[in-house]
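Hello,

My notes on it follow below.

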Amino acid sequence: MKLVSDPAIANKIRKMNQRVRWQDPLIVERNIDQTRLVLEDGQADNPEFSFLVVGDSGSGRHRGHNPQRQIAELMLPHHDESRFMLHTGDVIYLVGSSEYYQQNFIEPYREFILGGEHPRKIAYDQMIFKLPILPVPGNHDYYNLPILLSLASLTTLPIRRLLRSRLDLDVGLHGSGTGEAYAQAFIDYLKALQPPGELSSHLGKYYTGKTDTGLCLKYEPGYFTRLPNRYYTFRYGGIDFFALDSNTFNDPPPLPKTKQGDADRKILEKRREDLEQEKQHIIETSAKLRPENPIEADQLDDFHAKLSQIEEIIVDIKKQLASDKTMQTDIEQLDWLKKRLIESWNNSEVRGRVIYFHHPPYVTEATKWQQAQTLIVRDRLRGVLDAVAKEIGSLNQGRPLVDLVLNGHAHCLEHLETMETGHADSHIHWLVCGGSGFSLRRQRIEGADLMEGNKLVARSHLFIGRNGQGSQKRRPYSGLRIDVKGDGQPKFIVRPLVAEWHQRQWHNRELEPLII
């Protein structure tokens, strides 16, 4: 039985464009940039500032403990010293449903939300943040619930009781609506403004930020905290931040219609069949476990992690096997990133650049490093950076085109650095922050070096994820505080915030800061 359904890229783009009324004549007439925001907190010109990072957080309770809440509590002492929080995606598991925003987002982050002292009174589509939370969508934020499972959820069939009371998969009556819940929670949902007079009044009230690309949305903590689009940019402390939606450029090319392509297809089909059998075995075995028993509760956590992992691998295989389709790529977004990076490098007021999105191009987590989506996102980003490097020439004077890239998707905390790749993504620092609440994953057994053929292209300097076996199993959940220092070329001091679940107790871990 399929647990998730991943909509086509064209549908994701079309529906999100409708929700923001992309390029509506009234928006064009007012010269409004729908991909930019101005963060109005009175401190955006300060070159030294701090921000927080979390990702893959949106899980519910884990048999009496809540990792997401634990990380949120670790961040509370840094709240007043931080200007905003970036979220690298997968805000809500398992299928981005609005049913689970209360439990899986509002409750854990209640101190960050206006009125959070009474979290149950906060509607998911009416949130106002005291500390800006600036997310990008993850794959689970776009997932839908397959029709058969949705029908089962409406009944008292054993599958509903199994999924909810045994494996706690957070499967309700419906999925995300192809990102509908995410859009209503975080994005300025202009589609709801009717008749045209409402749109005009709204734009005049909230789209008053002045930039070199036109008027834009003004994000004001405690008052109006909406994003202009699924991808966007903002400038803070002289740093340009670029938030991307990698769910629309992660489609791998179809397998070639050759002997080798046919052989690869058979291997993938066999692997998918094996994974389906393993998934069924997990479901059947988990039905016999008792969540009130601590040891069996840990086993259920492990099964929960494994089942989600298998489902993501199956989705990746399905993307590769869809050879009868035309490969879909969000060219418009990639061209936008190219144009904005070139403009950034030609602007003397900008001293650094940070990109964040969900799917990591470089990662050593065991389930993600060799996925087709990982490789195609790497290829797509390289294409953009290569084009930018060609356009700006020697303007960067040997500096990497981007100072820092932040990702999620892989359920761990990792710091990698690219070597000489032969492309413009060389010598960039990459931080994967995807271990902030959902079940954790291990590092691959092949180790820290990532190869392309015989060429070393990246090396992992730090990996924090699930480790150990049996009673020595450790689950270190994580988030980040990043301090930006210096008034010229920026220095990033990365402070890992780690809460480890070990032997049914929480242990906070102190790690040395990373200097980038």
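Let me start with some terms: helices (H or I, at least four residues) and strands (E, at least two) are DSSP runs, numbered from the N terminus. A pocket is an open set of points on a 1 Å grid over the protein atoms alone, with protein on both sides within 12 Å along at least five of seven lines, while a cavity is a set of points where a 1.4 Å probe fits but cannot get out; lining residues have an atom within 4 Å of a point.

Please keep in mind that this is a predicted model, in which local features need pLDDT of at least 70 and side-chain atom pairs count only at pLDDT 80 or more, while totals for chains, interfaces and linings use all residues. Residues are numbered from 1 along each chain as its sequence is written, and side-chain values use heavy atoms, with hydrogens and water left out.

First, the pockets. Helix 10 (294-321) gives the most to the lining of the largest pocket, with 4 residues. Helix 9 (259-286) and helix 12 (372-392) also supply at least two residues each. The lining has 18 residues, and Arg-271, Asp-316, Gln-370, Gln-371 and Ala-372 lie nearest the centre of the pocket. The space inside is about 460 Å³, where a volume is the space filled by probe spheres set on the grid points, joined across faces, edges and corners. Sorted by class, this lining has 11 nonpolar, 4 polar and 3 charged residues (Ala, Val, Leu, Ile, Met, Phe, Trp, Tyr, Cys and Pro count as nonpolar, Asp, Glu, Lys and Arg as charged, and the others, Gly among them, as polar).

The second largest pocket has a volume of about 360 Å³. It is lined by 17 residues, with Asp-125, Gln-126, Asp-188, Tyr-189 and Arg-226 closest to its centre. Its lining divides into 10 nonpolar, 4 polar and 3 charged residues.

A search of the whole structure finds 3 cavities of 30 Å³ or more. The second largest cavity holds about 40 Å³, and among the residues lining it are Asn-139, Glu-312, His-359, Gln-371 and His-409. By class, that lining has 2 nonpolar, 5 polar and 1 charged.

You will see it in the loop between strand 10 (404-407) and strand 11 (413-418). Is His-411 buried or exposed? His-411 counts as buried because its relative accessibility is 0% (buried means under 20% relative accessible area, exposed over 50%, partly exposed in between, with a 1.4 Å probe and protein chains only). Leaving aside neighbours within four places in sequence, His-411 is in contact (heavy atoms within 4.5 Å) with residues including Asp-56, Tyr-93, Glu-365 and Arg-441.

Finally, some backbone features. Most residues other than glycine have a negative phi, and most peptide bonds are trans. Here, a cis peptide bond joins Tyr-93 and Leu-94, with omega about 0 degrees. The bond from Gln-194 to Pro-195 is cis too, with omega near -10 degrees. Gln-503 is not a glycine, yet has a positive phi of about 50 degrees, and Arg-504 has a phi near 65 degrees. Arg-504 sits in the loop between strand 16 and strand 17 and is partly exposed, at 32% relative accessible area.

Best wishes
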